[in-house]
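Hi,

Here is the structure I said I would pass on. Have a look at it first, and then read my notes below.

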Amino acid sequence: MFRNRRRTRFARVAVAGAAALLAVGIAACSSSSSGGGSSSSPTTAASGAKTTGGTVTFGLKPQVTLSYIFPFTSIANVSSYTVNQFQWLMYRPLYMFGNNGQSITVNYPLSPASAPVYSDGGKTVTINFKGWKWSNGETVDANDLIFWLNMMKAQKANYYGYAPGLAPDNITSYSATGPEQVTLHLNQSYSALWFTYNQLAEFTPMPMAWDVSSVGAKAGSGGCTTDSAADKWAKCTAVYNFLAAQAKLAASYASSPIWGVTDGPWKLSSYNTNGNVTMVPSPTYSGSPKPTISALKMVPFTSDAAEYTALKTGQIDIAQIPPEDLPTKPESVALPTTNPVGSSYYLTPFYSYGIYYMQPNFNNPTFGAVFKQLYVRQALQELVDQQGDGTAFWHGYAYPESGPVPTKPASQWVPAAETENNGEGPYPFSVANAKALLTSHGWSEVNGVMTCQTPAKCGTGIKQGQQLAFSAYYATGQQDATDQAQNYKSDAAQAGVKVTLIGQSFNTIVGESTPCAPGPKCNWDVLWYGGWGYNGPGFEPTGESLFATGSGSNSGSYSDPTMDKLINETHTNSSLSAFTQYATYASEQLPYIWTTNEYSIYAVTNKLANVQMNPLYTLFPEYWYFTK
Amino acid sequence: MIGFLIRRIGQALIVLVIVTIIVLALVHLFPGGPVKALLGPRATPQQLAYYTQLYGFDKPFYEQYIKWVGQMLQGNLGYSDKLNQSVTSLIGQDLPKTIVLVLLGTIVSLLLGIPLGVYQAVRRYSIGDYVLTGISFLGYATPTFFFGLLLVDWFAVRTHIFPPFAPNSSSVLTILGDPRALVLPVVAYAFLLFALWSRYMRSSVMDNLVQDYVRTARAKGASERQVIWGHVFRNSLVSIVTLLGLSLPTLVAGAIFIEVVFNYPGMGLAFYNAAEQVDYQVLLGFTVLATAATVVGNLLADIGYAMLDPRVRY
């Protein structure tokens with residue numbers, strides 16, 4: 001999923017001054033709040049005896065609504081929250097990822113199918129189900145996966161994860177080779193890692209009770225499970241249209257006989273279109289552990305300020321603390337020494353599994369040739385003061401990022417290159433180095449701006465007199481990101497690089513982010529407005545979406561045959577070293593300029609134990625419990 | 001009077017047509033277009049093309065406009081993919097809650113503002129007048145969200161007298177079922193309006209007190225109470241009626257800052273969220289509704305004004 005730095009702008013724009021004043025007031029009087037004290041140990045988790053029952057009130061992030069229940073979700077309806085924090089609680093994907101902790105790997109024990117078996121040199125995949133049950137008594141079996149695959153074939157345009165050439169296009173045939181076994185035949189050999197993490201991860205078995213085209217029809221009567229291309233998938237289309245129409249009846253989600261058939265640990269007990277969602281344990285859940293709490297109530301919020309007030313007044317059990325309300329801390333420790341919401345809560349970090357960056361436009365008619373020079377990109381990277389930004393603007397709740405793989409949490413994917421120089425990677429912050437790099441390639445300062453003096457050394461396409469001066473469109477609305485941009489401009493100026501910052505709304509920049517062909521209209525230099533989250537539908541942080549030539553999210557039109565080859569290698573070579581090679585190359589080649597990665601802090605009531613926020617956004621409330 | 005009404009309704013319809021054309025045109029000016037705004041940065045070119053066709057943005061503008069207006073005339077204000085809800089049902093869900101908030105706030109502010117405005121005019125330049133003027137100016141000068149946050153801090157965070165939020169329900173009955181939770185948002189909203197009503201009322205009563213008809217009434221022996229409440233009060237209400245008519249759009253559009261601060265799930269909050277998320281279907285539907293409310297509000301204000309002052313009709 002794409003990720004942006006946007007937080008609720010109201011909190012930033014309208015309430016900024018007031019919130020500061022309010023914070024002073026709250027701090028002054030916090031001893032009277034239900035939070036019960038302003039300075040407490042932030043890591044004191046619940047430690048009493050485990051008890052069953054109790055309702056957990058979970059504060060959704062501001063403006064998040066869990067709006068769509070059908071796992072075959074279109075791009076118009078999708079969000080990480082809707083999929084990972086809503087659908088997955090009720091309908092387990094074929095393979096679950098993450099855990100009630102910091103893992104970002106596949107979690108077979110929590111999945112309805114056993115680990116896939118690859119054979120025929122990676123051209124055949126066999127999937128065996130574990131015999132879990134749906135809540136209506138059906139077995140989660142081969143038919144349920146065939147149903148999903150047929151739906152993918154029939155309705156590619158209506159599935160958010162579809163990309164031409166990838167699943168299901170790369171599956172030449174599939175069939176149930178047993179009641180609880182499905183065998184896929186692929187169009188070539190694929191990496192077991194990549195295919196599991198980025199292709200099988202998209203599949204969600206669907207019950208036969210959904211293979212219908214009218215309410216109350218007999219399970220399987222829709223015929224999608226047995227449909228084929230021969231009738232142009234007409235039956236699957238009819239079933240999809242029916243299910244999509246049912247998914248639009250949001251007000252009846254909790255009472256729907258369709259959506260009431262679940263195989264996950266939770267089922268809906270109430271849902272309203274305002275965003276309030278309550279889930280209760282599904283007594284028929286086949287997996288383990290079974291939920292201990294009696295209900296999970298998810299509550300929507302309008303703004304950071306409102307959510308913070310809810311924490312301060314003890315109205316919710318779990319919520320993110322707004323960054324502006326967190327005390328400054330050293331980057332070396334994960335949590336602050338004082339707890340801003342009081343001793344009734346303990347704190348836990350949330351490292352969203354993603355990266356942030358600036359995107360240079362390699363197709364810019366005047367500046368593209370400059371960006372194409374690796375030494376220029378290296379110099380631009382060396383001007384990013386990630387440690388300084390993290391301390392000064394994110395108050396210590398940040399860490400350096402230096403490649404395509406998020407370095408937190410630690411994982412098998414992180415290449416050694418990204419851990420160099422305390423996480424700043426191969427090109428750590430150094431104005432002097434950046435300056436030396438430029439001057440050694442034929443640039444020298446003229447009136448304070450680096451200017452190409454020796455075109456032969458500057459590089460192909462760079463003319464004498466070309467200035468190292470460009471515009472960066474950055475997303476406004478968040479002060480820390482704005483400060484970071486200003487700091488970059490200041491540091492760059494010291495090296496003779498002139499950066500003109502142009503603040504625009506996040507949505508305006510998104511509108512401009514479509515890759516453009518070389519020409520006068522392709523005139524933006526750098527976009528700086530967000531990043532990328534590897535939290536589904538792909539979980540291996542490969543580069544096909546961001547760095548492959550011609551990919552839709554490669555806004556800057558970066559193109560490098562070696563990169564394309566290495567990305568392709570991650571798809572076909574099951575060895576982890578293939579991935580490491582790609583990640584190392586991307587870290588060193590700088591298709592984008594990497595910038596500081598921030599993280600969040602969640603507050604959890606002391607009465608509730610075993611709560612951790614997974615980097616993939618997935619919730620595992622079946623692990624949570626209240627203490628006496 | 002009928003001719004006056006026909007003229008004003010005709011003008012109102014022309015305004016509505018012009019505004020709807022402009023609003024739909026503005027949607028096309030979203031950076032990257034409305035489909036990119038809807039699908040976000042991850043949308044592939046194939047997905048953009050598919051949804052452009054699906055939503056009819058590949059058709060000429062006039063065709064889009066005719067189709068859109070036709071749907072609106074049938075009560076279909078569009079469908080929000082981001083909320084997975086029709087705009088009509090969203091309005092049906094949120095409008096009653098906003099009406100509750102705005103009406104209660106308006107009634108409270110009127111009950112306080114009008115009598116105090118009259119008092120200030122009658123006792124002008126007294127200590128009471130100065131104190132109330134100071135409070136009114138404070139009401140004018142204090143940003144609504146700031147006053148709301150102070151109320152939350154004082155009465156919810158510190159003293160726990162009132163809950164900080166209204167119940168977050170899709171049902172207006174649930175909200176009415178917890179009157180304590182309505183106190184803070186209503187007070188915050190009323191404080192803003194109280195300043196407005198009291199200042200206008202004070203000014204209007206003072207204007208009327210020096211009119212000839214007041215002198216005549218006094219000359220005929222009317223008591224001061226009869227003069228104020230029997231003669232001056234009605235005439236002074238003209239400006240308040242006009243303002244009330246003009247505030248009708250608020251009834252529909254909601255009190256954005258109040259709703260955001262108090263997590264109040266009304267129209268203003270829905271509009272704010274739609275703007276943040278570029279949910280253009282909601283923006284279109286709400287804008288048309290707010291425009292209609294503004295036009296109708298002006299119309300009602302004109303009619304009310306004409307009823308109170310017959311000279312306006314000609």
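To start you off: does A:Asn447 count as buried or exposed, and how many C-beta neighbours does A:Asn447 have inside 10 Å? The answer is exposed, because A:Asn447 has 8 C-beta neighbours inside 10 Å. Please keep in mind that this is a predicted model, so everything below is computed from predicted coordinates.

You will find A:Asn447 in the loop between β17 (443-446) and β18 (449-452) of chain A. A:Asn422 is another case, with a positive phi of about 55° although it is not a glycine. That residue sits in the loop between α11 and α12 (431-439) of chain A. A:Asn422 is partly exposed, because it has 13 other C-beta atoms within 10 Å, and a count of 12 or fewer would be needed for exposed.

While we are on the backbone, have a look at two prolines as well. The peptide bond between A:Lys408 and A:Pro409 is cis, with omega near -5°, and A:Pro409 is in the loop between β16 (398-399) and α11 (416-419) of chain A. A:Gly536 and A:Pro537 are also joined by a cis peptide bond, with omega about 5°. A:Pro537 belongs to the loop between β21 (526-533) and α16 (561-572) of chain A. For background, most residues other than glycine have a negative phi, and most peptide bonds are trans.

Now for chain A as a whole. It has 17 helices and 26 strands. Its radius of gyration is 26 Å, close to the 25 Å that the globule rule gives for 628 residues, so chain A is as compact as a globular protein of that length. Its C-alpha atoms fill a box of roughly 80 × 70 × 40 Å along the principal axes. Of its 628 residues, 56% are buried. If you take the contacts in chain A with a separation of 6 or more, 70% of them come from residues 24 or more positions apart.

Chain A is divided into domain 1 (2-58 + 302-350 + 605-627), domain 2 (92-255) and domain 3 (354-366 + 382-429 + 469-598). The C-alpha centres of domain 2 and domain 3 of chain A are 33 Å apart. Where these two meet, 15 residues of domain 2 of chain A are in contact with 16 residues of domain 3 of chain A. On the domain 2 side, helix α5 (residues 192-198) of chain A gives the most, with 5 residues. That side divides into 8 nonpolar, 6 polar and 1 charged.

Next, a sheet to look for in chain A. It is an open sheet of 4 strands in the order β6-β7-β9-β8, with antiparallel pairing. The edge strands are β6 (117-119) and β8 (171-178) of chain A, each pairing on one side only. From one strand to the next, the twist averages 20°. β8(A) pairs with strand β9 (residues 181-186) of chain A over 6 bridges, in the antiparallel sense, and A:Gly178 has A:Gln181 in β9(A) as its bridge partner. Helix α4 (residues 142-154) of chain A packs on this sheet, where it touches β7 (124-128), β8 and β9 of chain A, and its direction makes about 160° with that of β8(A).

The loop between β11 and β12 of chain A holds A:Pro283, which is exposed, with 9 other C-beta atoms within 10 Å.

Lastly, chain B. It has 15 helices and 2 strands, and 42% of its 314 residues count as buried. The contact between the chains takes 46 residues from chain B and 50 residues from chain A. On the side of chain B that touches chain A, α7(B) gives the most, with 8 residues. The residues of that side divide into 25 nonpolar, 14 polar and 7 charged.

Cheers

Technical notes
Residues are numbered from 1 along each chain as its sequence is written. Chains are lettered from A and ligands numbered from 1 in the order in which they are written. This is a predicted model: local features need pLDDT of at least 70, side-chain atom pairs count only at pLDDT 80 or more; totals for chains, interfaces and linings use all residues. A residue is buried if 20 or more other C-beta atoms lie within 10 Å of its own, exposed if 12 or fewer, and partly exposed in between; C-beta atoms are placed from the backbone. Two residues are in contact if their C-beta atoms, placed from the backbone, lie within 7 Å. Ala, Val, Leu, Ile, Met, Phe, Trp, Tyr, Cys and Pro count as nonpolar, Asp, Glu, Lys and Arg as charged, and the others, Gly among them, as polar. Domain bounds come from an automatic or database domain assignment. The radius of gyration is taken over C-alpha atoms; the globule rule is 2.2 Å times the number of residues to the power 0.38. Two strands pair if DSSP finds at least two bridges between them. Axes are lines fitted to C-alpha atoms, for helices over the stretch in contact, and angles run from 0 to 180 degrees between N-to-C directions.
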